[in-house]
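Me: I am new to this structure and would like to know what lies behind the words used for it. Please set each value against its cut-off.

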Amino acid sequence: MPAGFGTLPLHFALPDLPRTAALATALAPLARAGDCIALWGDLGAGKTAFARAFLRALGVVEDVPSPTFALVQPYDTDGGPVAHFDLYRIEAEAELDEIGFDAALDDGIILVEWPGRAGRRLPDDRLDIVFSLDSSGQRAATLTGHGDWPARLDGFAP
Ligand SMILES: Nc1ncnc2c1ncn2[C@@H]1O[C@H](COP(=O)(O)OP(=O)(O)OP(=O)(O)O)[C@@H](O)[C@H]1O
Ligand SMILES: [Mg+2]
């Protein structure tokens, strides 16, 4: 990473849903077509809550359900197409073709819950956000940017 580009990873405490929304609202304008935002973290860590707030920040007013069963929900947003994936139930990388994973990345932004299920198909140039919920109930998110994300996140302060 070139010198002078903010320090990564970036760590944020997320004590309540408004803090998750503030993080998502600050990130949404930095994202553009072809971006993969990988949402890591255990069950209930706050991935869908982040995705919902991110979509709201891009003007989505319709319901934003968890794509647990649909596997993908597409949205038309002020920032172009956004596809929200939940790969929890994916068992083989080949299933990604059936749900249009690469096509969605060509068309717009993808938000991906359970990104590890995408295996080698997960793009290297991506923003990783790891959501955590510890035993005392403290929630947090840690951002690590790859590709040009460190430059985009220079000075990031939600
Ligand atoms: N920052 C937060 N503060 C308080 N509650 C939160 C926060 N983020 C998420 N929650 C709540 O935690 C619960 C689980 O959140 P969410 O559905 O986003 O988890 P998830 O990581 O998507 O889980 P899954 O792996 O099952 O998809 C929801 O009730 C949500 O409202
Ligand atoms: Mg979820």
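**Terms and the values behind them**

Reply: Alanine 141 has its place in strand β7, residues 139-145. The model is a predicted one.

Me: Why is alanine 141 called buried?

Reply: Buried means under 20% relative accessible area. Alanine 141 has a relative accessible area of 0%, so it is buried. In space alanine 141 and phenylalanine 12 are 5.3 Å apart, C-alpha to C-alpha, while in sequence they are 129 residues apart.

Me: How do you know whether threonine 48 is buried or exposed?

Reply: The relative accessible area of threonine 48 is 15%. The limit for buried is under 20%, so threonine 48 is buried. For glutamate 113 the value is 3%, and glutamate 113 is therefore buried as well.

Me: Which contacts of ligand 1 are polar, and what makes them so?

Reply: A polar contact is a pair of N or O atoms within 3.5 Å. An oxygen atom of ligand 1 is 2.9 Å from a polar backbone atom of glycine 44, and an oxygen atom of the ligand is 3.2 Å from a polar backbone atom of alanine 45. For arginine 139, an N or O atom of the side chain is 3.0 Å from an oxygen atom of ligand 1. Each of these distances is within 3.5 Å, so the contacts are polar. Ligand 1 taken alone exposes 640 Å², of which the protein buries 70%.

Me: Which residues come nearest to ligand 1?

Reply: There are 17 residues around ligand 1, and those that come nearest are Thr20, Gly44, Lys47, Thr48 and Ala49. Helices α1 (17-27) and α2 each supply at least two residues of the shell. The largest share, 3 residues, comes from α2. The space that ligand 1 takes is the largest pocket.

Me: Why is tryptophan 114 called buried?

Reply: The relative accessibility of tryptophan 114 is 19%. Buried means under 20%, so tryptophan 114 counts as buried. Tryptophan 114 lies in the loop between β5 and β6, and has a positive phi of about 55° although it is not a glycine.

Me: What is the phi of leucine 71, and where does the residue lie?

Reply: Leucine 71 has a positive phi of about 75°, although it is not a glycine. Its place is in the loop between α2 and β3 (72-77). The relative accessible area of leucine 71 is 15%, under the 20% limit, so leucine 71 is buried.

Terms used: Residues are numbered from 1 along each chain as its sequence is written. Chains are lettered from A and ligands numbered from 1 in the order in which they are written. This is a predicted model: local features need pLDDT of at least 70, side-chain atom pairs count only at pLDDT 80 or more; totals for chains, interfaces and linings use all residues. Side-chain values use heavy atoms; hydrogens and water are left out. Buried means under 20% relative accessible area, exposed over 50%, partly exposed in between (1.4 Å probe, protein chains only). A residue is near a molecule or strand if one of its heavy atoms lies within 4 Å of it. A polar contact is a pair of N or O atoms within 3.5 Å; within protein, one must be able to donate a hydrogen and the other to accept it, and residues adjacent in sequence count only if both atoms are side-chain atoms. Accessible areas come from the Shrake-Rupley method with a 1.4 Å probe; for residues, only the protein chains shown count as cover. On a 1 Å grid over the protein atoms alone, a cavity is a set of points where a 1.4 Å probe fits but cannot get out, and a pocket is an open set with protein on both sides within 12 Å along at least five of seven lines; lining residues have an atom within 4 Å of a point. A molecule sits in a cavity or pocket if more than half of its atoms lie within 2 Å of its grid points. Helices (H or I, at least four residues) and strands (E, at least two) are DSSP runs, numbered from the N terminus.
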